[in-house]
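Please read the following note alongside the sequence and the model. The points run from the whole chain to single residues.

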Amino acid sequence: MKFAVDPNKVPKRTLYTGDTMPAIGMGTFGSDKYDPDTVSKAVAGAIRAGYQMFDCAAVYGNEDRIGKVFKEAFDEGVVSREDLFITSKVWNDNHTPEKVLASCKKSLTDLQLSYIDLYFVHWPFRNYHSPGCAGDARNPDSRPFSVEKFMETWKAMEDLVDQGLVRFIGMSNMTIPKLEAVLPLCRIKPVAIELEMHPCFQQPELFQYISEKGIIPIGFCPIGSPSRPERDKTETDISDIDLPEIVSVAKAHQVHPAIVCLKWAVQNGQAPIPFSVTEEKYIANLKCVTEDPLTEEEMSLIRSADKNNRLIKGQVFLWEGAKGWEDLWDLDGMITK
Ligand SMILES: NC(=O)c1ccc[n+]([C@@H]2O[C@H](COP(=O)([O-])OP(=O)(O)OC[C@H]3O[C@@H](n4cnc5c(N)ncnc54)[C@H](OP(=O)(O)O)[C@@H]3O)[C@@H](O)[C@H]2O)c1
């Protein structure tokens, strides 16, 4: 098979186990904008373009369609199962031990796989909101983070590794105080942590904390998620692709600013998972990390452009008595109860 981008040229990340994963993958969240058929068609095209990592999740509502395109690609001999690194995530309403197992099995059935490479706890809360809800929607059953509850979920995740249903497990939307509390209690350490990372929101302390522990930071919304759902938009949000620093580097390389965000991400050390359903864009997103790197001066310029601008604030997960979305992120350095 002749791929648009040679997968052997795509940089890799090495997990603490010694195994490797691609340093860039494709996101599959349609952002309430792209339907499951459109997203799965893009995944089919991306496999044939040379992508080897796909970031899936039960809550994205499209794993059954994506499973069909994985099976077609294996049946047609485009790639083998071992060539791909496929992630999925357990959603917030499935955190009890029985439900974690059932959720994993459902994703395996939908994705038509015998194992998932990397299975995440999507959010460290059991707080649930209905898909497509408004930004100010609140669930009266929502509760603050609990180490005890999280570890109950994590133990169920560790059991999935023991059972061979998943190769590795990971966490997502964590903070340093939460990691400080739970990492010492883990029998199986996460190989990766998914976190929001883009030029306007670089999270340098969390990035360093994770990296020093040998855990791979996987960066979501790497282009600043310009198509994110309305509930995740606020007036003060800054657009990464309009940042003067990004635009000037893009001009110098004669590429779209989105491409600069991705080159920066891979050179900075995280594994970004950009999303696009447009063939021209998703091919460009993969190809850009195999050629024409940014200079050290350009990397420094982008590093200095950080605006600490979190886009996915998670306010729909807030509990009664919480002051605001900041409470989800332990900004005073302590776990917020
Ligand atoms: N763990 C979590 O809680 C979590 C949270 C959020 C996201 N994620 C994961 O991260 C993935 C990526 O995040 P995201 O989809 O929100 O944001 P993103 O990748 O930062 O942005 C995606 C948007 O950028 C535009 N784009 C992509 N490539 C482009 C290019 N080469 N040139 C110009 N525009 C381009 C596309 O816009 P158009 O649609 O207009 O083409 C696309 O919709 C998700 O799909 C999901 O898998 C995980």
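1. The chain has 337 residues, for which a compact globule would have a radius of gyration near 20 Å; the value for the chain is 19 Å, which agrees. The radius is taken over C-alpha atoms, and the globule rule is 2.2 Å times the number of residues to the power 0.38. Along the principal axes, the C-alpha atoms fill a box of roughly 50 × 45 × 35 Å.

2. This is a predicted model, in which local features need pLDDT of at least 70 and side-chain atom pairs count only at pLDDT 80 or more, while totals for chains, interfaces and linings use all residues. Residues are numbered from 1 along each chain as its sequence is written.

3. The chain contains 10 helices and 10 strands. These are DSSP runs numbered from the N terminus: helices are H or I with at least four residues, and strands are E with at least two.

4. Of the 337 residues, 44% count as buried. A residue is buried if 20 or more other C-beta atoms lie within 10 Å of its own, exposed if 12 or fewer, and partly exposed in between, with C-beta atoms placed from the backbone. Among contacts between residues at least 6 apart in sequence, 75% join residues at least 24 apart. Two residues are in contact if their C-beta atoms, placed from the backbone, lie within 7 Å.

5. Helix α3 (residues 97-111) packs against helix α4 (residues 147-162) at an angle of about 45°, with the axes 8 Å apart. Axes are lines fitted to C-alpha atoms, for helices over the stretch in contact, and angles run from 0 to 180 degrees between N-to-C directions. The two helices α3 and α4 are therefore oblique to each other; angles under 35 degrees count as roughly parallel, over 145 as roughly antiparallel, 65 to 115 as roughly perpendicular and the rest as oblique.

6. On the α3 side of this contact are Pro97, Val100, Leu101 and Cys104, which meet Glu152, Thr153, Ala156, Met157 and Leu160 of α4. The residues of the contact of α3 with α4 comprise seven nonpolar, one polar and one charged. Here Ala, Val, Leu, Ile, Met, Phe, Trp, Tyr, Cys and Pro count as nonpolar, Asp, Glu, Lys and Arg as charged, and the others, Gly among them, as polar.

7. Helix α2 (residues 63-75) also packs with α3 at an angle of about 45°, their axes being 6 Å apart. This makes α2 oblique to α3. Glu63, Asp64, Ile66, Gly67 and Phe70 of α2 make the contact with Ser107, Asp110 and Leu111 of α3. In the contact of α2 with α3, three residues are nonpolar, two polar and three charged.

8. Which residues of helix α9 (residues 279-287) are buried? They are Tyr282, Ile283, Ala284, Asn285 and Leu286. Their cover includes β3 (26-27), α1 (36-49) and α8 (257-268).

9. Valine 260 lies in helix α8. Valine 260 is buried, because 28 other C-beta atoms lie within 10 Å. Not counting residues up to four places away in sequence, valine 260 touches Ile246, Val249, Ala250, His253 and Val255. The C-alpha atoms of valine 260 and glutamate 298 are 9.7 Å apart, although 38 residues separate the two along the chain.

10. Aspartate 117 is located in strand β6 (residues 116-121). Aspartate 117 counts as buried, with 20 C-beta neighbours inside 10 Å. Leaving aside residues up to four places away in sequence, aspartate 117 touches Phe85, Ile86, Thr87, Arg167 and Phe168.
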